[in-house]
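Biologist: Hi! Could you walk me through this one while I have it open?

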Amino acid sequence: MSIVVLLRDVVDAMDVLNDDIHAYLNKLTGELLTATTEELSAIEEGDDWSNYPDWQHAALEDARRIIESDDFLELPDKFEIHEYAIMQDFCYSLENPRLRDEMASRIRGSGAFRRFKDGIHYHGIQDDWYRFRQQALEAIAIEWLAFNGIAFTREADHTE
């Protein structure tokens with residue numbers, strides 16, 4: 001029996017990724033796990049868990065399961081998600097030409113992310129941005145799931 005994952009759960013896992021946090025999907029069970037680079041390295045290097053605080057042991061166990069199993073697939077990382085390209089697409093999707101030009105200029109050069117965030121709040125379009133970003137993450141997740149042959153649903157109550 002093949003698994004069916006909830007698209008929202010995959011997108012939520014992708015939403016927390018950064019340089020240090022990685023997310024994985026168990027292709028047999030649909031379980032989603034996250035692990036930090038530190039935790040994954042600790043397992044790969046065979047570190048003694050007693051050197052880590054008790055609260056981190058559960059995360060180390062998840063990292064061990066990820067490393068030792070071929071059942072886990074890494075979700076798209078920040079390079080595959082490419083947040084800047086999503087911001088750029090959002091700017092060019094704006095219908096008002098003046099707003100579109102202003103927002104597009106905000107994302108040029110150093111400090112683009114801060115200026116973009118300031119701009120969406122200044123113009124009151126942050127909800128539009130969050131919806132646009134959510135849809136972009138969903139599209140990336142759907143493409144990734146299809147590539148890996150994993151079925152998904154948008155409904156929380158589904159049967160396999």
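Biologist: In what sense do S2 and S3 pair, and over how many bridges?

Modeller: Strand S2 (residues 21-26) and S3 are antiparallel, with 5 bridges. Strands here are DSSP E runs of at least two residues, helices are H or I runs of at least four, both numbered from the N terminus, and two strands pair if DSSP finds at least two bridges between them. Bear in mind that this is a predicted model, where local features need pLDDT of at least 70, side-chain atom pairs count only at pLDDT 80 or more, and totals for chains, interfaces and linings use all residues. Residues are numbered from 1 along each chain as its sequence is written, and side-chain values use heavy atoms, leaving out hydrogens and water.

Biologist: Which residue in S3 is opposite His22?

Modeller: That's Ala35.

Biologist: And what is the strand order in the sheet?

Modeller: The order is S3-S2-S4, an open sheet of 3 strands with antiparallel pairing. Strand S3 (32-36) and strand S4 (72-74) are the edges, each pairing on one side only.

Biologist: Which strands does helix H3 lie across?

Modeller: Helix H3 (residues 57-68) lies across S2, S3 and S4, at about 105° to S3. Axes are lines fitted to C-alpha atoms, for helices over the stretch in contact (heavy atoms within 4.5 Å), and angles run from 0 to 180 degrees between N-to-C directions.

Biologist: Changing topic: is Arg133 buried or exposed?

Modeller: Arg133, in helix H8 (residues 126-147), is buried, at 16% relative accessible area. Buried means under 20%, exposed over 50%, partly exposed in between (1.4 Å probe, protein chains only).

Biologist: What does Arg133 contact, leaving aside neighbours within four places in sequence?

Modeller: Asp15, Glu83 and Ile86.
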